[in-house]
Amino acid sequence: MTLMPKESAKLVATLAKDVFIEEDGVKKLALAILDGIKNGKVSLDNFSQVAFHPKNDDPRAADWIFVLDTLNFSFWTDTGAAKWKVNGETGYFAFCAAIKRAIDDGKPMWDPKYYSQITEEDAKIIFRGDDETNIPLLQDRIKNLHEAGKVLLAKYQGTFAECIKSCKGSAEKLLRLIVDEFQSYRDEADYEGHKISIYKRAQILIGDIWVCFKGCGLGEFHDIDSITMFADYRIPQVLVHFGAMRYSNTLMSKLKSDEPLKQGGREEVEIRALSIEAVEQVRDEIRRLIEADPKIKLNLIGDVNAIMVDHFLWDYRREYAQELERIPFHKTRTIYY
């Protein structure tokens, strides 16, 4: 049996050899995020403020987000290589800009009838960069679209909204549905004889739906706290920066030497799983601080959760990109993140 992400993270944290969680750093990070809550920097509005994301009143929003997260992986650039850019944007935002440009050009990117049959020629036009540099793993992106589109058409009336509705407000049920039905979301590994999961893209898909709809309508989940942070290659940089997470000297040397880590290998699993566990501990510490100070007013829906912590960390990484370059990120070319 495959352990779910929270249980996987706890297990790996007890066995890890090269990645460690530091209590002082967890407390330091919790205080920084609490400041963000107080000054409104941590807000559910951050998703809709991104020009390339759909708005919650767009009838295509759920299907648009599904396509974004079906393709939301591997935007990092090899050292010394040119960055893939769209309208001057890089990374995830270049990708979102490409999808929005395709929609503005009349391509129904949200419709599985269209993308389940998308050709390589179509994909090259959709993901064309500002210069000759191409998006990584184009063939894998085409395969993901074909596979996901066919499942939606065959079983869910051609819309991801049906997947959401069938789970009756349970984020955990939706998570299991996504990884059971859509093969490209099965972000799993074997670790020390245990079958573990991270499910980064499946969880960010649920998180994006929740945030886009602000916890209402399609985005209403009574168990949103079952979702963890979204373990990628950038968030660990911020956790290490704050001292919430620490690498062994051996692993740090390997990362600094630009040596890629194998997807599903011990070191890669430890970085991602302990990112999840560190954020769980940060979230618990924030909640403790809020309980101790009833004057703190939350501009949030319910309790602070791992999704909000993840958003803070991701935004922090973008804001302090130059400063964080001193901390290497792990490089794993994969469809899972």
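Q: In this predicted model, buried means under 20% relative accessible area, exposed over 50% and partly exposed in between. What does Lys-168 count as?
A: Lys-168 lies in the loop between helix 9 and helix 10. Its relative accessibility is 67%. The cut-off for the exposed class is over 50%, so Lys-168 counts as exposed.

Q: What is the phi of Lys-168?
A: Most residues other than glycine have a negative phi. Lys-168 is not a glycine, yet its phi is positive, at about 50°.

Q: Is Lys-214 buried, partly exposed or exposed?
A: Lys-214 is found in the loop between helix 11 and helix 12 (235-241). This residue, which is other than glycine, also has a positive phi, near 50°. Its relative accessible area is 31%, and the range between 20% and 50% defines the middle class. Lys-214 is therefore partly exposed.

Q: At what angle do the axes of helix 10 and helix 11 cross, and what does that make helix 10 relative to helix 11?
A: The axes of helix 10 (residues 171-181) and helix 11 (residues 200-212) come within 10 Å and cross at roughly 135°. That angle makes helix 10, relative to helix 11, oblique.

Q: How do the residues of the contact of helix 10 with helix 11 divide by class?
A: Helix 10 passes helix 11 in a right-handed crossing. From helix 10, Ala-171, Leu-174, Leu-175, Ile-178 and Val-179 take part, and they meet Ala-202, Gln-203, Leu-205 and Ile-206 of helix 11. By class, the residues of this contact are eight nonpolar, one polar and no charged.

Q: Which classes of residue make up the contact of helix 4 with helix 8?
A: Helix 4 and helix 8 pack at an angle of about 145°, their axes being 10 Å apart, and helix 4 passes helix 8 in a right-handed crossing. Asp-63, Phe-66, Val-67 and Thr-70 of helix 4 meet Asn-144, Leu-145, Ala-148 and Leu-152 of helix 8. Their contact has five nonpolar, two polar and one charged residues.

Q: How far apart are the end C-alpha atoms of helix 8?
A: Helix 8 (residues 138-155) has 18 residues, which at 1.5 Å a residue should span 26 Å. The separation in the model agrees with this expectation, because the end C-alpha atoms are apart by 26 Å.

Q: Which helices do the buried residues of helix 8 pack against?
A: Buried in helix 8 are Leu-138, Arg-141, Ile-142, Asn-144, Leu-145, Ala-148, Gly-149, Val-151 and Leu-152. Just after helix 8, Gln-157 takes a positive phi of about 55°. The buried residues of helix 8 pack against helix 4 (61-70), helix 6 (112-115), helix 7 (120-126), helix 9 (160-166), helix 10 and helix 11.

Q: How many of the residues of helix 5 are buried?
A: The buried residues of helix 5 include Tyr-92, Phe-93, Phe-95, Cys-96, Ile-99, Arg-101 and Ile-103. Helix 5 is largely enclosed by the rest of the structure, because the buried residues number 12 of the 14.

Q: Which elements do the buried residues of helix 5 pack against?
A: Helix 5 (residues 91-104) should span 20 Å at 1.5 Å a residue, and its end C-alpha atoms are 20 Å apart, which agrees. Just after helix 5, Gly-106 takes a positive phi of about 95°. The buried residues of helix 5 pack against helix 4, strand 2 (85-86), strand 3 (89-90), helix 7 and helix 15 (306-319).

Key: Residues numbered from 1 in each chain as written. Predicted model: local features only at pLDDT ≥ 70, side-chain atom pairs only at ≥ 80, totals over all residues. Heavy atoms only, no water. Axes fitted to C-alpha atoms, helices over the stretch in contact; angles between N-to-C directions. Helix = DSSP H or I, 4+ residues; strand = E, 2+ residues; numbered from the N terminus. Parallel < 35°, antiparallel > 145°, perpendicular 65-115°, else oblique. Left-handed = near helix turned anticlockwise from the far one by under 90°. Contact = heavy atoms within 4.5 Å. Nonpolar A, V, L, I, M, F, W, Y, C, P; charged D, E, K, R; others polar. Expected span 1.5 Å × (residues − 1). Buried < 20%, exposed > 50% of the residue type's maximum accessible area, 1.4 Å probe, protein only.
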